[in-house]
Amino acid sequence: DVSDDVRRAAVMFLGFVLCSAPEECPRIVSLLAESYNPHLRYGAAMAVGISCSGAGTNSAIELLEPLLTDAVDFVRQGALLAKALVLIQQPESVTGSFRKHLEKVIGDKHEDTLCKLGAILATGILDAGGRNVTIRLLSHSRYPRMEAIVGMAVFTQYWYWFPLTFFISLALSPTALIGLNADLKVPKLQVQCSCKASIFAYPEPVTTESKVSVAKAPTAVLSTTAKAKARKERESKKQDDGKTEDLAKAVEAEEAMETDDQAPSDEPEIHMLDNPARVVPAQEKYITFPQADSRYIPLKNSSTGIVMLRDLRPSEPVELVASEAPNARAGNASAGGEANPTENEPEPPQPFEYVPPS
């Protein structure tokens, strides 16, 4: 087609066609990502981001890396968004370098406005829902989620109107494991995760250090002072020549002691998660329900989402996970119990009739 808008949309929507086979999309659009037309490069980046959203595939990341330094601003914007879509809910060891790149783009005052917008949106995608949601265009049964596909399709039209970016929320899906019994209540249960807890843990909160710089007036230096200072440095250098070797040995010994003190902690390879638990897509393959001496077993082999449980000992009393509304906790505190002041919510206002001023 002769229209850049049509060609860009045609390439971009290949991501929806290939969302059921995300490993094929980078290979199919790899030549388009090297096109002379920047609209085709942008469309190829977004197609990879849509089809490989949340997958973290290496082929998608390798295709997007050169586009992050493209000469055209909106191509770099699309590459930032696409890489955020690919890396959503991936371990911090994978997304750490990309986060630093986003911070650099946002803080660079010489960066183009379109790139800054893309970096801000990409940061929001990485941390969407407090790192508790991911983007799913297909259900666990590999059926299309139409509301998610429509939301992602409308999100791509932010090109014409920026408020359409909010439609990406329709494509978000919680990454949680919630086990329910026959009464649709949450019993106390633990599942096994066969990996270290730090791999899929929440990232460390961002801290900003405030630096106060005090400007000092330049100090006047006399010629006699400079000569005396140079003579003193020559004398001290002669005295320190004999001590250089001893100092080097002391530094090496100190570094060896620090290395011994910073030995890696023995983190267990297996840890248990309480019901309900946060389980990201890359973590699902490590989740197993304990079989020995377990009261509950899943009706269907699933490690995420709503999991219906079968009670193997129905005659025993059921221990449920305690859950109270914020107002209930506030009531307990007023009755003499303990409550977290940050969790208390104010009561709704009393009904009133509004009379506009005459």
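The model is predicted, with local features needing pLDDT of at least 70, side-chain atom pairs counting only at pLDDT 80 or more, and totals for chains, interfaces and linings using all residues. Residues are numbered from 1 along each chain as its sequence is written, and side-chain values use heavy atoms, without hydrogens and water.

**Helix packing**

Helices (H or I, at least four residues) and strands (E, at least two) are DSSP runs, numbered from the N terminus. Axes are lines fitted to C-alpha atoms, for helices over the stretch in contact, with angles from 0 to 180 degrees between N-to-C directions.

| Helix pair | Axis distance | Angle |
|---|---|---|
| Helix 1 and helix 4 | within 7 Å | roughly 25 degrees |
| Helix 4 and helix 6 | 8 Å | about 10 degrees |
| Helix 7 and helix 8 | 9 Å | about 145 degrees |

Helix 1 and helix 4 are therefore roughly parallel to each other; angles under 35 degrees count as roughly parallel, over 145 as roughly antiparallel, 65 to 115 as roughly perpendicular and the rest as oblique. Their crossing is right-handed, a term for a near helix turned clockwise from the far one by less than a right angle, with anticlockwise giving left-handed. On the helix 1 side, the contact (heavy atoms within 4.5 Å) is made by Asp4, Arg7, Arg8, Val11 and Met12. Helix 4 brings residues including His39, Tyr42, Met46 and Ile50 to this contact. By class, eight residues here are nonpolar, two polar and three charged, where Ala, Val, Leu, Ile, Met, Phe, Trp, Tyr, Cys and Pro count as nonpolar, Asp, Glu, Lys and Arg as charged, and the others, Gly among them, as polar.

Helix 4 also packs with helix 6, and their angle makes helix 4 roughly parallel to helix 6. Among the residues in contact are Pro38, Tyr42 and Val48 of helix 4 and Phe74, Leu81 and Val86 of helix 6. This contact has 13 nonpolar residues, four polar and one charged.

Helix 7 passes helix 8 in a left-handed crossing. Phe98, Arg99, Leu102, Val105 and Ile106 of helix 7 make the contact, with Cys115, Lys116 and Leu126 among the residues of helix 8. Nine of the residues are nonpolar, one is polar and two are charged.

**The largest pocket**

The largest pocket holds about 700 Å³ of space. On a 1 Å grid over the protein atoms alone, a pocket is an open set of points where a 1.4 Å probe fits, with protein on both sides within 12 Å along at least five of seven lines; lining residues have an atom within 4 Å of a point. A volume is the space filled by probe spheres set on the points, which are joined across faces, edges and corners.

Of the 32 lining residues, Arg136, Leu138, Ser139, His140 and Arg142 are the closest to the centre. Helix 4 (38-51), strand 1 (133-135) and strand 9 (305-311) each give two or more residues to the lining. The largest share, four residues, comes from strand 9. The lining divides into 13 nonpolar, 14 polar and five charged residues.

**Backbone details**

The peptide bond from asparagine 275 to proline 276 is cis, with omega near -5 degrees. Proline 276 sits in the loop between strand 5 and strand 6. Glutamine 89, in the loop between helix 6 and helix 7, has phi near 65 degrees, a positive value in a residue other than glycine.
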